[in-house]
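Subject: Structure handover

Hello,

Please find the structure we spoke about below. My notes on it follow.

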Amino acid sequence: MIPDLSVELCGVRLANPLVLASGILGTEAALMERVVRCGAGAVTAKSCGPEPRPGHRNPTVLHWGPGLINAVGLANPGVDEAIPLLQETAVRLKPFGTPLIASIFARSADEFGYMAARVAEAHPDLIEINLSCPNVASEMGRPFSLDPAATAAATRAAVNATDIPILVKLSPNVTDLVAIAQAAVEAGGRGLTLINSLGPGMVIDIESGAPILSNRVGGVSGPAIRPIAVRCVYDVTRALNVPVIGVGGVMDGRDAIEMVMAGATAVGIGSAVYWHGPEVFARICREMSDFMSAHHHRSLDEIRGIAHDR
């Protein structure tokens, strides 16, 4: 029997649990359609804000060994241009039945409400509010996700602005992630994305003695942060009954199964696309199915969160 990889995320059905993470190939409708053709269960568009942002100067992304470090700086064309992009993407994805997740950022709680209302014009299936970018604090202030009250205020503003379910993307750079996750859920967040990149970190070129990124520091992602992401998913889903997209260093089917066992409903894929291209989605799905068949699991429901009891 072929295992059932389908999941339900905040009332939205996914054929499989793999979600293209925001910021990876989510810049054009054709690219997002390609990711779906390669096997993604859902796609997240690149985060957009109220106005265009050029982001940071190159170099902005570095493969430093066991992971990536990046400081793209939330580069985006602004919401006025993002809406037609999301609309075109929704049209392209409709024949596949694959959900589209819009991602937004803002400078204030009220602005999160404005942004949620604007991207809702494109009718995405879900809206992810990015409260946790680790490399623009000097430009945009302290990230909302570092404080329960700020998290709740931004979440509440977005929830009140639309009927589309809101996912809240949180940071691992806190001492009590469960408290912040609880604040997001109590404010109306239907689900969580855990985690954003870690840091900021720094990589120095020892020949010149200079930091390599133009921004000097950036968010750390990739396999190096997977154990942290797994622990965050485990802690939050053990404490709260909330659907979670587990993101952070998932490279193969075993990594994805680990996220589900930690409690994740769906699994975000980002750095793996950088290394292996969008074809990685089909491979990871195949590896997950092979693992489940070998262990006689019929669906992901049978293994979700089993680490909580073992």
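Among contacts in the protein chain between residues at least 6 apart in sequence, what percentage join residues at least 24 apart? The figure is 72%, where contact means heavy atoms within 4.5 Å.

Some ground rules before the rest. This is a predicted model, in which local features need pLDDT of at least 70 and side-chain atom pairs count only at pLDDT 80 or more, while totals for chains, interfaces and linings use all residues. Residues are numbered from 1 along each chain as its sequence is written, and side-chain values use heavy atoms, with hydrogens and water left out.

Overall fold

The protein chain has 10 helices and 16 strands; these are DSSP runs numbered from the N terminus, with helices being H or I of at least four residues and strands E of at least two. The radius of gyration, taken over C-alpha atoms, is compared with a globule rule of 2.2 Å times the number of residues to the power 0.38. For 310 residues a compact globule would come out near 19 Å, and the protein chain has 18 Å, which agrees. Along the principal axes, the C-alpha atoms fill a box of roughly 50 × 50 × 40 Å. Of the 310 residues, 56% count as buried; buried means under 20% relative accessible area, exposed over 50%, and partly exposed in between, with a 1.4 Å probe and protein chains only.

Pocket and cavities

Both terms rest on a 1 Å grid over the protein atoms alone: a cavity is a set of points where a 1.4 Å probe fits but cannot get out, a pocket is an open set with protein on both sides within 12 Å along at least five of seven lines, and lining residues have an atom within 4 Å of a point. Grid points are joined across faces, edges and corners, and a volume is the space filled by probe spheres set on the points.

The largest pocket holds about 700 Å³ of space. Its lining comprises 33 residues, with Ser22, Gly23, Ile24, Asn70 and Ser221 nearest the centre. Strand S6 (68-70) and helix H9 (271-276) each supply at least two residues of that lining. By class, the lining of the largest pocket divides into 14 nonpolar, 17 polar and two charged residues. For these classes, Ala, Val, Leu, Ile, Met, Phe, Trp, Tyr, Cys and Pro count as nonpolar, Asp, Glu, Lys and Arg as charged, and the others, Gly among them, as polar.

There are two cavities of 30 Å³ or more. The second largest cavity has a volume of about 50 Å³, and its lining has four nonpolar, four polar and two charged residues. Among the residues that line this cavity are Ser22, Glu128, Lys169 and Gly268.

Helix H8

Helix H8 (residues 253-262) is largely enclosed by the rest of the structure, because seven of its 10 residues are buried. The buried residues are Gly253, Asp255, Ala256, Ile257, Met259, Val260 and Ala262. What covers them includes strand S3 (18-20), helix H7 (226-239), strand S15 (244-247), strand S16 (266-269) and helix H10 (280-294). At the start of H8, a side-chain oxygen of Asp252 reaches to within 3.2 Å of the backbone nitrogen of Arg254. After H8 comes Gly263, with a positive phi near 125 degrees.

Backbone details to check

Two cis peptide bonds are on my list:
- Asn58 to Pro59, with omega about 0 degrees; Pro59 is in the loop between strand S4 (42-44) and strand S5 (61-63).
- Gly199 to Pro200, with omega near 15 degrees; Pro200 is in strand S11 (residues 198-201).

Positive phi also turns up in residues other than glycine, including Leu74, near 55 degrees, and His296, near 60 degrees. Leu74 lies in the loop between S6 and helix H2 (79-93) and is buried, at 9% relative accessible area. His296 is in the segment after H10 and counts as exposed, at 69% relative accessibility.

Lastly, Glu81 is found in helix H2 and is exposed, with a relative accessible area of 54%. Glu81 and Pro52 are 29 residues apart in sequence and 8.8 Å apart in space, C-alpha to C-alpha.

Regards

Note on methods
A polar contact is a pair of N or O atoms within 3.5 Å; within protein, one must be able to donate a hydrogen and the other to accept it, and residues adjacent in sequence count only if both atoms are side-chain atoms.
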